[in-house]
Amino acid sequence: MKHTPRLTRKLYAKRLRELEHAPDYASWRDISLDLDRLEGGDAWRADETSDDFDHLLIKQRLTTLTELRQAGDPHPLAFELAEGLHGNLGGIASPRLYGVARIGTKHLIENYIAEVARCLEFLCGNDFSDFGLDDKLQFFKRTAMSFGRSGLLLSGGGTLGMFHLGVIKALHGENLLPRVLSGSSAGAIIASTVGTRRDTEIDAIFEPGGLNLDAFHALGLLDAVKGGAVMDGSQLERCLHANISEYTFSEAFERSGRIICVTVSPAEPHQQGRLLNYLTAPHVLMTKAVLASCAVPGVFPPVRLEARDFTGQIVPYMPGKRWVDGSLSSDLPMLRLARMHNINHYIVSQTNPHIVPFMAALDREASSRRGIAPLAAELVTSGGTGALRLARKHLDPFGGRTLSKADAILRQRYSGDINLYPRNTPRRLLRVFTNPQPEDIQRYVRSGERATWPRLERIRNQTRISRTFESCLQRLKQQERAQRHCAH
């Protein structure tokens, strides 16, 4: 900015200060658009050419789809979409394309994504003599399965996990909250709280008193020694019951339409971690699942899961087995989400205190062409896991199991396609297992919102096609049910 007129420099500095204190996303976006004009982001977005994606391919695809839609014949259009849709076609999902302008990316990319959505709406919403409801359902089901969809993954992190509330608020406010949410430990609390509420009820949880967060109560020394945990599990369970009630996973799905996944880890050897949801554990009580996912060893006692039987009575689930903190085996269960729910695009809200300090460096590297941060991280991880595997062979069973857990933690992937994380402070780190006060909650919510705002347009662009698929399929299935009803 040193060569710009003084007035422009003053305006620029003023807008930067206003951006830092923007009260909501609409204000933040307007200021960012103004800054893009001052910084040259507008000119960059308007320029179609770039070395970071195949702009010639995208321009050609945009022209072809527009012409086919305007011609009005559904068959060649459906054929072209089925053959050519891909979330990262020509590299359009590259993080580098969202690291120049403050708002959005190249107009060419945004126009292409918008045209794909228009084509899908055209096929779904119009009547064709030779492309009926059965044809539409077959096309949308198959092509949506091939394209995939996005999921929101909420990590553990104790009280720091209240940051997830702000992420949820920002996404929900822009109608960008995915239908599939996964949570471990603290993230399981937030995911399940959202997953037991209809869309019209979600806003209430961000209000003062909207959630019961009185989760932590330290035990006396004798009780702690006797139970092997320093915190009262019954206090946490009361907190969860106030927020989640007695819904099972299937009941929550029927109520909210959202797929909530909770990770739990085994407390005993010879067991694997589980991803609990309405498919794998439909009748398990969500309160017990979340309680187990929050049971950090030594902090909370292990948990026995419960479920409703076919008469509605509450009974033990997998009697004799106990479960602990989901972060230990799978903080972000990406592979299982891909397999069960067709997720291939991951939005991650990460608050684990041992991971957050490295997230900014990894994001900077993802937006650049070269660097040593990922290499260093890979060397540390692979070297650490190798040493742990070697050590396990020469230790007694107890020590070996302890190192196995450490090995599992180190081998996990803690980042996604789009990462959201707080600015950590020593003060917050010291309060991981303390009950937040109302003013603390508001700070966490604002922190989560402000961390999400710069990513919202990227999320909007990279989820628009899958969101259109979901919307069209929902409408077509309603039409199918209506036809069946009329036939009877």
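Two residues are in contact here when they have heavy atoms within 4.5 Å. Among the contacts in the protein with a separation of 6 or more, 76% are between residues 24 or more positions apart. The structure is a predicted model, in which local features need pLDDT of at least 70 and side-chain atom pairs count only at pLDDT 80 or more, while totals for chains, interfaces and linings use all residues. Residues are numbered from 1 along each chain as its sequence is written, and side-chain values use heavy atoms, with hydrogens and water left out.

**Overall make-up**

- The secondary structure of the protein consists of 22 helices and 9 strands, where helices (H or I, at least four residues) and strands (E, at least two) are DSSP runs numbered from the N terminus.
- Of the 488 residues in the protein, 49% are buried; buried means under 20% relative accessible area, exposed means over 50%, and partly exposed lies in between, with a 1.4 Å probe and protein chains only.
- The protein has an accessible surface of about 23800 Å², and carbon and sulfur atoms hold 54% of it, the areas coming from the Shrake-Rupley method with a 1.4 Å probe.

- Helix α8, residues 163-173, has 9 of its 11 residues buried, so it is largely enclosed by the rest of the structure.
- The buried residues of α8 include Phe 163, Leu 165, Val 167, Ile 168 and Leu 171, and they also include the two histidines His 164 and His 172.
- Helix α21, residues 438-452, has 15 residues and spans 21 Å from its first C-alpha to its last, close to the 21 Å expected at 1.5 Å a residue, where the expected span is 1.5 Å times one less than the number of residues.
- Among the buried residues of α21 are Asp 440, Ile 441, Tyr 444, Val 445 and Glu 449.

**Helix pairs**

- Two packed helices are described by the angle between their axes and the distance between the axes; the axes are lines fitted to C-alpha atoms, for helices over the stretch in contact, and angles run from 0 to 180 degrees between N-to-C directions.
- Helix α7 (residues 133-147) and helix α22 (residues 456-487) have axes that come within 10 Å and cross at roughly 150°, which makes α7 roughly antiparallel to α22.
- Angles under 35 degrees count as roughly parallel, over 145 as roughly antiparallel, 65 to 115 as roughly perpendicular, and the rest as oblique.
- The contact between α7 and α22 involves, among others, Leu 133, Leu 137, Phe 140 and Phe 147 of α7 together with Ile 465, Phe 469, Leu 473 and Leu 476 of α22.
- Helix α5 (residues 74-84) packs against helix α6 (residues 107-125) at an angle of about 130°, with the axes 11 Å apart, and α5 is therefore oblique to α6.
- On the α5 side the contact is made by Pro 74, Leu 77, Ala 78, Leu 81 and Gly 84, and the α6 residues that take part include Tyr 112, Val 116, Cys 119 and Leu 120.

**Individual buried residues**

- Trp 28 is found in helix α2, residues 25-39, and counts as buried at 7% relative accessibility.
- Leaving out residues up to four places away in sequence, Trp 28 touches Leu 19, Ala 22, Arg 102, Ile 103, Arg 450, Trp 453 and Pro 454; the C-alpha atoms of Trp 28 and Pro 454 are separated by 8.9 Å, although the two residues are 426 residues apart along the chain.
- Gly 195 lies in helix α9, residues 186-195, and is buried with a relative accessible area of 0%.
- Not counting residues up to four places away in sequence, Gly 195 touches Ala 252, Ser 256 and Ile 260, while its C-alpha atom is separated by 7.2 Å from that of Phe 253, 58 residues apart along the chain.

**Loop residues**

- Most residues other than glycine have a negative phi.
- Asn 175, in the loop between α8 and β2 (180-183), has a positive phi of about 55° although it is not a glycine, and Asn 175 is exposed, with a relative accessible area of 63%.
- Ser 245, in the loop between α12 (233-244) and α13 (249-256), has a positive phi of about 65° and is partly exposed at 33% relative accessible area.
- Gly 40, in the loop between α2 and α3 (41-46), counts as partly exposed at 33% relative accessibility, and its C-alpha atom is separated by 9.0 Å from that of Val 100, 60 residues apart along the chain.
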